[in-house]
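This report goes through selected local features of one protein chain. Please have the sequence and the structure open while reading.

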Amino acid sequence: MSAAPQTSMPTRALPDRSQRAGSAKTSPVRDLLALTERPEVISFAGGLPAPELFDLDGIRASFDAVLSSPAVLQYSTSEGSTALREEVARRYTEDGLETAASDLIVTTGSQQGLGLLATSLIDPGDTILVEEPCYLAALQTFALAGARVVGVPYAGDRLDLDALERLAADTAPKFFYTVPTFQNPTGRTHDREARVRIAEIAQRHGIRIIEDEPYRQLRYSGDALPSLAAFAPDHVLSLGSFSKVIAPGLRIGWIRTTPDVRPTVTIAKQAADLHTSTIDQAAAAHYLLSGRGEPALDRIRSAYAERRNAMLDALPDVLPSGSEWNRPDGGMFVWVRLPEGMDAAASLGAALAQDVAYVPGASFFSGTPDVRTLRLSFTTYPPASIREGLSRLGTAWAAGG
């Protein structure tokens with residue numbers, strides 16, 4: 001049989017990807033994963049909970065219990081499980097922020113919640129304000145939404161509130177995005193005075209605040225602080241998550257909405273995925289109501305406090321002379337600034353050669369980066385491994401890395 005005749009057909013180039021997609025930064029944490037998969041590498045790069053602290057038996061028991069009903073395998077409402085929302089609302093109210101189940105929309109992790117708010121609030125070209133430096137995945141989300149992102153700088157360990165006031169007046173932003181408690185990447189926390197002023201600025205200039213609180217329950221020292229929503233209830237949209245306090249694989253988060261945006265966010269949720277996994281929501285609600293959650297969280301906090309202390313105790317002996325770092329009251333991260341003339345990204349290769357990794361800080365900036373900065377996560381490893389990893393870092397830096 002003869003071959004089919006070949007015909008010459010003109011072809012046209014495929015369309016380019018969207019400008020918004022092209023403007024989103026890659027994540028250095030994800031890029032480092034392939035380099036740090038070797039078991040001998042101690043990685044301070046990822047903000048990963050410690051898997052040995054997951055309450056595997058309790059979570060398994062909750063899944064077994066809810067699987068007694070076929071309803072957990074059915075489609076559900078976009079707003080989320082009533083039982084789960086009632087329990088989250090109860091916890092907010094117990095914490096001093098009156099909340100009803102109807103105020104909440106369950107999301108597939110708080111990252112989806114951030115994406116839904118970006119879809120609901122941002123038109124291409126809109127200005128938004130963020131902390132500088134900022135959670136990288138938030139910067140990616142806002143870039144994909146087509147926002148003009150303007151960073152509000154820090155003055156030392158405190159947000160420059162005068163700059164926030166000025167930018168709120170000059171740029172007419174759609175919202176100010178903040179991680180007010182144990183921020184990613186810096187571990188910083190806005191104190192009560194700062195929270196009051198941030199709320200006043202939002203009210204005075206008519207802007208919303210997106211308050212991202214995935215680390216709020218991971219406090220190891222100091223007193224708990226009120227939510228920003230307590231000071232400006234009509235202006236604040238709050239994001240929460242069980243990823244850091246139960247397990248990230250559940251992918252359960254939520255948005256605490258305000259009445260004016262709730263219908264729009266609900267439609268965005270419907271368009272995104274109809275609803276979050278029904279069985280995961282049911283298991284999470286069962287787990288929270290079982291009484292196992294608080295003892296498990298106490299164990300997590302105790303272990304993480306010990307790990308934070310191990311890192312802070314070791315840093316003076318391994319960081320180059322002239323380095324600066326903070327001492328967070330909770331969360332997962334320590335923020336380091338190397339001495340003048342050093343570049344954290346340029347030094348990463350020498351660290352990897354010593355089988356240790358960190359995240360250079362430059363990618364967390366929306367504007368001009370501080371190349372001397374880096375983020376260290378202390379939650380993934382026990383204290384002995386933290387000390388060993390930091391010793392390797394010290395060796396890398398001492399060798400001129």
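This is a predicted model: local features need pLDDT of at least 70, side-chain atom pairs count only at pLDDT 80 or more; totals for chains, interfaces and linings use all residues.

## Aromatic pairs

The count of aromatic pairs comes to nine. One of them is formed by phenylalanine 44 and tyrosine 381, with 6.4 Å from centre to centre and 85° between the planes, an edge-to-face arrangement. This pair links distant parts of the chain, 337 residues apart. Phenylalanine 44 belongs to the loop between β1 (42-43) and α3 (56-66), while tyrosine 381 belongs to the loop between β14 (373-377) and α13 (383-398). Phenylalanine 44 and tyrosine 381 are both buried.

Tyrosine 358 and tryptophan 397 form a tilted pair, because their ring planes are at 35°; an angle under 30 degrees would count as stacked and one over 60 as edge-to-face. The centres of these two rings are 6.1 Å apart. Tyrosine 358 is in the loop between β12 (356-357) and β13 (359-360) and tryptophan 397 is in helix α13, so the pair ties together parts that are 39 residues apart in sequence. Tyrosine 358 has 0% relative accessibility and counts as buried. Tryptophan 397 is buried as well, with a relative accessible area of 9%. Elsewhere, Phe142, Phe175 and Tyr177 are linked into a cluster by ring pairs.

## Charges over rings

Two arginines are placed over tyrosine rings. Arginine 188 has its charged end over the ring of tyrosine 154, at 4.2 Å from the ring centre. Over the face of tyrosine 92 lies arginine 256, 5.9 Å from the centre of that ring.

## Crossing of α4 and α10

Helix α4 (residues 82-94) and helix α10 (residues 278-289) have axes that come within 8 Å of each other and cross at roughly 45°. At that angle, α4 is oblique to α10. The crossing of α4 past α10 is left-handed.

Which residues of α4 and α10 meet? On the α4 side they are Ala83, Leu84, Glu87 and Arg91. On the α10 side they are Gln281, Ala284, Ala285, Leu288 and Leu289.

## Cis peptide bonds

Most peptide bonds are trans. Glutamate 132 and proline 133, however, are joined by a cis peptide bond, with omega at about 10°. Proline 133 is located in the loop between β3 (127-132) and α6 (136-144).

Another cis peptide bond joins asparagine 184 and proline 185, where omega is about 20°. The loop between β6 (175-178) and α8 (192-205) holds proline 185.

## Positive phi angles

Most residues other than glycine have a negative phi. Phenylalanine 182 is not a glycine, yet its phi is positive, at about 55°. Phenylalanine 182 is in the loop between β6 and α8, the loop in which proline 185 is also found. With a relative accessible area of 1%, phenylalanine 182 is buried.

Aspartate 355, also not a glycine, has a positive phi of about 60°. Aspartate 355 is in the loop between α12 (344-353) and β12. Is aspartate 355 buried or partly exposed? Its relative accessibility is 22%, so aspartate 355 counts as partly exposed; buried would require a value under 20%.

Conventions:
Residues are numbered from 1 along each chain as its sequence is written. Side-chain values use heavy atoms; hydrogens and water are left out. Rings of Phe, Tyr and Trp (its six-membered ring) pair if their centres lie within 6.5 Å; planes under 30 degrees apart count as stacked, over 60 as edge-to-face and the rest as tilted. Helices (H or I, at least four residues) and strands (E, at least two) are DSSP runs, numbered from the N terminus. Buried means under 20% relative accessible area, exposed over 50%, partly exposed in between (1.4 Å probe, protein chains only). A charge sits over a ring if NZ of Lys or CZ of Arg is within 6 Å of the ring centre and within 35 degrees of the ring normal. Axes are lines fitted to C-alpha atoms, for helices over the stretch in contact, and angles run from 0 to 180 degrees between N-to-C directions. Angles under 35 degrees count as roughly parallel, over 145 as roughly antiparallel, 65 to 115 as roughly perpendicular and the rest as oblique. A crossing is left-handed if the near helix is turned anticlockwise from the far one by less than a right angle, and right-handed if clockwise. Contact means heavy atoms within 4.5 Å.
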